[in-house]
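Colleague: Hi! Could you walk me through this one while I have it open on my screen?

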There are 2 protein chains.
Amino acid sequence: MSAPALALRGMGSFHAGGRTVLRSGGPVREVVFTPGSAPARLDPNGVVHVGQMYVQFMLPAVRLGAAPLVFWHGGGMTGATWETTPDGREGWAQWFLRRGWDVHVCDAAERGRSGFPPPGVLPDEPVFQTVAAPFERFRIGEGPGSWHADPARRRVLPGCRFPVAAYDEFVRQMVPRWIGSDETIIAAHIAALERIGPSVLLCHSQGGAFAFRVAGRRPDLVRAIVAVEPAALPPPAEAAGLAAIPVLLVYGDFIAVDPRWRALRAEAGASAAAISHAGGDITLLDLPAEGIAGNSHLLMMDDNSDEIAALIQGWLAARALVREG
Amino acid sequence: MSAPALALRGMGSFHAGGRTVLRSGGPVREVVFTPGSAPARLDPNGVVHVGQMYVQFMLPAVRLGAAPLVFWHGGGMTGATWETTPDGREGWAQWFLRRGWDVHVCDAAERGRSGFPPPGVLPDEPVFQTVAAPFERFRIGEGPGSWHADPARRRVLPGCRFPVAAYDEFVRQMVPRWIGSDETIIAAHIAALERIGPSVLLCHSQGGAFAFRVAGRRPDLVRAIVAVEPAALPPPAEAAGLAAIPVLLVYGDFIAVDPRWRALRAEAGASAAAISHAGGDITLLDLPAEGIAGNSHLLMMDDNSDEIAALIQGWLAARALVREG
C-alpha cells in the first residue's frame with residue numbers, strides 16, 4: 001500500500017440487460033433458509049430475471065481517458081481478473097484508474113455478480129474447471145500433465161512470468177461458465193455499453209472474442225479494442241467491418257509450444273492481415289518479438305503486468321485516446 | 001457524482017478459504033468454447049477448488065475506523081447490495097468508506113465472484129428467486145400476490161421507503177443461492193477474517209445469522225456486530241457467548257403485518273434480552289419506535305439509507321470504534 005493515494009470522483013455498480021422468463025411446474029416447498037429461523041414458502045414458479053450483467057465503475061477525480069475503459073474478462077473468470085494480482089500487486093483496473101481512465105469492470109452474464117439462470121435457459125450445463133486446467137492450458141506449465149498437487153512437483157515453462165508461487169490464489173478466482181451462452185453475454189455487453197457510452201474495450205481471451213462480435217454489431221459503441229490473447233477474431237471475410245475501429249492485439253510467449261495457441265495465433269494473424277488490408281488500424285504486439293519473454297496467457301497477472309499495461313497505454317495515447325495530464 | 005472526491009490509499013480483492021475436492025467419472029469432451037476458435041479437450045475430472053470467498057477491499061487515505069468494516073450480504077444477494085442503490089445513490093460501502101472505514105465487501109461462498117461448486121458438493125440444488133419473491137417477502141409489497149408484472153399494478157405497502165420505481169434494477173442484483181451451504185460459508189467467513197483481522201461486521205439478513213455464528217466460534221475475530229434484520233440470532237441459551245461483543249440490531253417497519261417477520265422479530269427480542277441479561281452490550285434499534293417509518297427489509301437501499309447509516313455510525317462512535325477525524 002505504498003502507492004500514492006487514488007482520488008476518485010465516484011464509484012459504484014449497476015446491472016445491465018437481461019430479460020424475464022416464466023418458470024412453471026416446479027414443486028412448492030417449505031424451507032428453512034437459516035437454521036433457527038422461521039420457515040418460508042419457496043415457490044420456484046413465476047417470473048425470473050436472467051441474462052443481466054454486473055458492471056462496477058471506478059471514476060478518477062481527474063479524467064484523462066478520452067472514453068470509458070471497459071474490462072471484459074476471459075472464460076471461467078470474473079472481473080476479479082483485473083484487480084489485485086494473485087501475488088498481491090495492483091492489477092490493471094487500478095493501473096488504468098491511476099492514469100485517469102473511467103474504469104468499468106464487468107462480470108459476463110452467467111458469471112460472478114451477474115448471477116446465472118435456472119436450468120433450461122441456457123443450452124448446456126455449467127462447466128467446472130479443474131485446478132490443473134489453467135496451469136496446463138494457459139501456458140504456465142509445460143502442457144498436459146504438468147500440474148501436480150504438490151507445488152514443488154509442478155513443471156513450469158522455463159522463464160514463465162506468471163507468479164507460480166501464488167497459483168493457488170489464482171485458482172480461487174475461477175468460476176463456472178457455460179458453453180452456448182454467447183448470445184446472452186453479447187446482448188448484455190451491448191446493453192451495458194448503451195448505458196456507459198462508446199468505450200475502449202480492454203478484453204482477455206473469451207472477452208476478446210466478444211469484443212469483436214459486439215463491434216461488428218454495434219460499431220457506434222466501440223472506440224477501440226485492446227484484445228489480450230483473444231479466443232477468436234472475426235474471420236477474414238468479415239474484416240472490413242472493423243476497419244474504422246483501432247485494434248491492438250497482444251500476445252505472450254510459449255505459443256509455438258502449444259498446438260491450440262499456435263492455431264489461434266495463426267488465425268489471428270490472418271484476420272489481422274485482412275483487417276489491415278481493408279484499411280483498418282490494427283497492431284499486433286508480439287511480446288517476445290519485442291524482447292519481452294516469458295508471458296503466459298494471463299498477461300495481466302504476470303510479474304511484468306505493469307510493463308505490458310504501459311505498452312497498451314502508449315498505443316492508446318498514440319491514437320489520441322489519452323488527454324494531457 | 002456531485003459528492004466530494006474520495007481519497008483511497010488502496011483497493012483490490014482476494015479470495016479466502018475453501019478446499020479442494022476430487023471429481024471423477026465424468027465424460028471427457030471436445031468442446032468449442034468460442035465459435036470460430038480451436039476446439040479444446042474438456043476433462044471435468046480432477047481436483048476442483050470449492051468453498052472460497054471473494055473479498056473486495058477499499059481503503060481510505062485517512063483511516064478513522066478503529067477496525068476493518070466487513071460487509072456480509074443477505075441470502076440470494078452479493079456484495080452489490082452495499083454499492084449503488086437501485087435508484088442510483090451511493091450505497092453503504094461508499095458511505096462508510098467516506099467516513100474513514102477500511103471497507104471489505106464480501107460475496108458469500110457459492111455466490112457472486114466466489115463461484116459455486118459442482119453438483120454433489122453441496123447437499124441441495126441452487127434456489128432461484130422469482131422477481132416477485134423479494135417484493136412480497138421483504139416488506140415492499142403488501143405480502144403474497146402483491147407483485148405484478150405491470151409496475152402500475154403492484155400493491156406497495158403505504159409509506160414504503162424502498163425506491164419502488166427502481167425495483168426492476170434491484171431484481172437484477174439477485175443471484176442463486178443454496179440451502180445447506182451454511183458450514184461452507186461460515187468456514188470461508190472465518191478464513192477471510194483471519195486474513196483481514198478482528199473486524200466490525202455489518203451484516204444483512206442471512207449475513208447477520210452468519211455473523212452471530214462466526215462470533216460464537218471465533219469471538220477473537222469480531223469487534224462488533226451490526227446486524228440489519230438478521231435472519232436468526234443465537235438462541236437465548238447461547239446468549240452468554242456474545243456478552244463481550246457489542247451488538248446493534250436494526251429493524252425496519254411493517255413487521256407486525258408479516259407473520260414471518262413478526263416471528264423473527266419476536267425471537268430476536270428474546271435473544272437480545274438474554275444477551276443483555278448475560279451482561280452483553282446489545283442495542284435493539286427499532287426504527288418506527290424512533291419515529292422513522294416506512295423501511296423495508298432492504299434498509300440499505302431505502303430512500304433514507306443515509307439516515308440509517310448515520311445512526312449506525314453514531315452507535316459505533318459511542319463504542320469508541322471511530323477515531324477523531
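Predicted model: local features only at pLDDT ≥ 70, side-chain atom pairs only at ≥ 80, totals over all residues.

**Chain A and its partner copy**

Modeller: Happy to! Among contacts in chain A between residues at least 6 apart in sequence, 73% join residues at least 24 apart.

Colleague: Okay, and how many helices and strands does chain A have?

Modeller: Chain A has seven helices and 12 strands. Its radius of gyration is 21 Å, close to the 20 Å from the globule rule for 325 residues, so chain A is as compact as a globular protein of that length.

Colleague: What does the C-alpha trace span along its principal axes?

Modeller: About 65 × 50 × 45 Å for chain A.

Colleague: And what share of the residues is buried?

Modeller: In chain A, 63% of the 325 residues count as buried, with under 20% relative accessible area as the cut-off.

Colleague: What about charges, how far apart are the mean positions of the positive and negative ones?

Modeller: They are 4 Å apart in chain A, which has 29 positive and 32 negative charges.

Colleague: Now the other copy. What rotation superposes chain A on chain B?

Modeller: A rotation of 180°, with 0.0 Å of shift along its axis and an RMSD of 0.0 Å. The two copies are therefore related as by a two-fold rotation axis.

Colleague: Nice. Why do you say the copies meet through the same surface?

Modeller: Because 100% of the interface residues of chain A are interface residues in chain B too.

Key:
Residues numbered from 1 in each chain as written. Chains lettered and ligands numbered in written order. Heavy atoms only, no water. Helix = DSSP H or I, 4+ residues; strand = E, 2+ residues; numbered from the N terminus. Rg over C-alpha atoms; globule rule 2.2 N^0.38 Å. Buried < 20%, exposed > 50% of the residue type's maximum accessible area, 1.4 Å probe, protein only. Contact = heavy atoms within 4.5 Å. Lys, Arg positive; Asp, Glu negative; His and termini not counted. Charge placed at Lys NZ, Arg CZ, Asp CG, Glu CD. Least-squares fit on C-alpha atoms with pLDDT ≥ 70 in both.
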